[in-house]
Amino acid sequence: MLYKVLKKGGYKEFVTKLIADFEFIGPVKKDSATHDFVRINDFSKLDTNYKRTTIAPAKRVLYPPKETLIKYDVGEDIKISSINYDENEKILFGIDACDVNGLNFLDKFFSSDFIDEPYFLRRKKLIVIGLDRMPSETNFSLSMGKEYAKEGFDLFLTDLKDRYFVRVGSEKGNQILENYAITSIATDKDFKDYNKYMDDYRKSFKLKVDINNLYDNFEQIYSNDEFWKKIAKDCYSCGSCCLVCPTCFCFNVRDDMELNLKTGNKIREWDSCMIPDYGLVAGGHNFRPTRENRLKQRYRCKLKTFSDKFGTNACVGCGRCIEACLAKINIAEDINAVKKEVSL
Ligand code: SF4
Ligand code: SF4
């Protein structure tokens, strides 16, 4: 990896040029507590001092909540026309390390059992410029080992007060720097200051979970119905936790037919394993009829299934589901509760 330095004085010009030449998506203040990632046409709208974002930006950009997969005509033959996903290059600016790790997880998921064409057509055209930031109170990504992104970005910036330490993650990232910024190669002093920033950053995580032994403890507790009833007793089955999560990928595909019953679209929409209908199958049987079944399954998917499949958890510890849950169900507390229950 290449390490460079961008002086603070050159930052505004760098970003302004990117905004002028690309579709640029970055954090904008939405209300007193929340930022949203939206298209930006003016540097003054960009606000990278954010603590909270709701729906994970990378997921929304690459895998929209609703999209048409194909169009079809039903005549004597069925004619299928595919959708042109050939979008422009976009820059996703200012996502933090755990969101880059969420993106890395989606990259693995959408290329494992099948290659998801719409996702990867967009992914190839997405330039990711990450930015280190201090964690929010609900962020426990340090405990999940996801507070630092090793890959999945083109550039990653760390604010060292008078300059940015820039990790160059791809040739495309290097080209962006060459074409749009004046940088220098990082010196020993830059590395020293970067290390200090990262040490302080890691010390600033307040929410911690004990993930050690969870892999085994989860199996031990999996059939303990009383434990799961207690954990899920307030769940409204609303699905918000899945919608905001940077790694949740479940979707439903449905037909949207015109009234002439000849033409239609196949639509893909986000789905949630926390909603009762998710487990409903033909004949009216529901294989996850209770909220404790569903919450247990969600946690297993996050904390065990993909540990087996990809060698990594499907939770990056961003804390969004904790903030989104009206019932105050808290995955971090529940991870710690598993260990406590097994140790009793
Ligand atoms: S855990 Fe919370 S956010 Fe998730 S479905 Fe239940 S009530 Fe909704
Ligand atoms: S499960 Fe919750 S904390 Fe973990 S990645 Fe998803 S939203 Fe973030």
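Predicted model: local features only at pLDDT ≥ 70, side-chain atom pairs only at ≥ 80, totals over all residues.
**Overall build**

The protein holds 12 helices and 12 strands. Its radius of gyration is 22 Å, close to the 20 Å that the globule rule gives for 344 residues, so the protein is as compact as a globular protein of that length. Along the principal axes, the C-alpha atoms fill a box of roughly 65 × 65 × 35 Å. Of the 344 residues, 35% count as buried. Contacts in the protein with a separation of 6 or more are 70% accounted for by residues 24 or more positions apart.

Domain 1 puts 22 residues into the contact, and domain 2 puts in 19 residues. On the side of domain 1 that touches domain 2, the elements giving two or more residues are helix 2 (57-62) and helix 3 (97-109). Helix 3 supplies the largest share of that side, eight residues.

One open sheet has four strands in the order 5-4-12-11, and the pairing is antiparallel. Strand 5 (78-82) and strand 11 (251-257) are the edge strands, each pairing on one side only. From one strand to the next, the twist averages 25°.

The pairings can be taken across the sheet. Strand 4 (residues 66-74) runs antiparallel to strand 5, and five bridges join them. Within this pair, Tyr 72 has Ile 80 of strand 5 as its bridge partner. On to the next pair. Strand 4 also pairs with strand 12 (residues 263-270), again in the antiparallel sense, over seven bridges. Here Ile 70 has Lys 266 of strand 12 as its bridge partner. Asn 252 stands opposite Glu 269 of strand 12.

Strand 11 and strand 12 form a hairpin with five residues between the strands. In this hairpin, Leu 261 takes a positive phi near 55°.

**Helix 6**

Helix 6 spans residues 188-203, which makes 16 residues. From its first C-alpha to its last, helix 6 reaches 23 Å, close to the 22 Å expected at 1.5 Å a residue. Helix 6 is hardly covered: one of its 16 residues is buried.

**Single residues in loops**

The table sets out their neighbour counts.

| Residue | C-beta neighbours inside 10 Å | Class |
|---|---|---|
| Tyr 50 | 21 neighbours | buried |
| Ser 237 | 16 neighbours | partly exposed |
| Lys 161 | 8 neighbours | exposed |

Tyr 50 sits in the loop between strand 3 (35-39) and helix 2. Tyr 50 counts as buried because it has 21 C-beta neighbours inside 10 Å, and the cut-off for a buried residue is 20 or more. Leaving aside residues up to four places away in sequence, Tyr 50 touches Pro 27 and His 35. Tyr 50 and Pro 135 are 85 residues apart in sequence, yet their C-alpha atoms are 9.7 Å apart in space.

Lys 161 is found in the loop between strand 8 (155-159) and strand 9 (163-168). Its phi is positive, about 70°, although Lys 161 is not a glycine. With 8 C-beta neighbours inside 10 Å, Lys 161 counts as exposed; the cut-off for that class is 12 or fewer.

Ser 237 belongs to the loop between helix 8 (225-232) and helix 9 (240-244). Ser 237 is a residue other than glycine, and its phi is positive, near 55°. Its 16 C-beta neighbours inside 10 Å make Ser 237 partly exposed.

Note on methods:
Residues numbered from 1 in each chain as written. Chains lettered and ligands numbered in written order. Pairing = 2+ DSSP bridges. Axes fitted to C-alpha atoms, helices over the stretch in contact; angles between N-to-C directions. Expected span 1.5 Å × (residues − 1). Rg over C-alpha atoms; globule rule 2.2 N^0.38 Å. Contact = placed C-beta atoms within 7 Å.
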